[in-house]
Each structure stands twice: as C-alpha cells, then as structure tokens.
Amino acid sequence: IITSYAITSANDVPSRDPRDWQLQGSNDGVQWFTVDTRAAQTFASRFERRVFTVSSPGNYSRYRLNITANNGEP
C-alpha cells in the first residue's frame, strides 16, 4: 500500500512542471481508481523534491500518474 509519493521538478523551466494530476491505482491495468488528486501545485526551484500524502490509500499492483495540466507550457 502506497501512503505517499514524491515528485521532483526538472532542470528546465517552471512552466513545464506538472500543476494538476491524479495518482491512480489498478490491479488489472484496465480499471483505475484515483487515490490522490492535486491541483494548482507549484515548485519553488529546479530539482525541488516534494512529498505528497495519498488521500485514499489502497492495495494496488500498479500505479500511474495522470498529469492533467502543467504550469503553462503548450
């Protein structure tokens, strides 16, 4: 069971950092369940590591990070 996860900003520009996302879990790779949702996230610096607590932990065999928006880059 995952209770937290970390995301690190890259070395390029803040506008490419993820802003909104969902962490999802699945046991079959077909049906996905959202275990955490974040919106309007920002990183203060390059290579900044941020840890997030999972809001609805579950026991899944696989996870995916579904990024729905970045901080402005097309």
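Analyst: Helices (H or I, at least four residues) and strands (E, at least two) are DSSP runs, numbered from the N terminus. This is a predicted model: local features need pLDDT of at least 70, side-chain atom pairs count only at pLDDT 80 or more, and totals for chains, interfaces and linings use all residues. Residues are numbered from 1 along each chain as its sequence is written, and side-chain values use heavy atoms, with hydrogens and water left out.

User: Thanks! How many helices and strands does the protein chain have?

Analyst: The protein chain has five strands and zero helices, so its elements read β-β-β-β-β from the N terminus on.

User: And what percentage of the residues count as buried?

Analyst: Buried means under 20% relative accessible area, exposed over 50%, and partly exposed in between (1.4 Å probe, protein chains only). Here, 26% of the 74 residues of the protein chain count as buried.

User: How should I read contacts between residues at least 6 apart in sequence?

Analyst: Contact means heavy atoms within 4.5 Å. In the protein chain, 69% of the contacts between residues at least 6 apart in sequence join residues at least 24 apart.

User: Which residues is Ser15 in contact with, leaving aside neighbours within four places in sequence?

Analyst: With those neighbours left aside, Ser15 is in contact with Asn70, Asn71, Gly72 and Glu73. By C-alpha atoms, Ser15 and Arg64 are separated by 22 Å, and they lie 49 residues apart along the chain.
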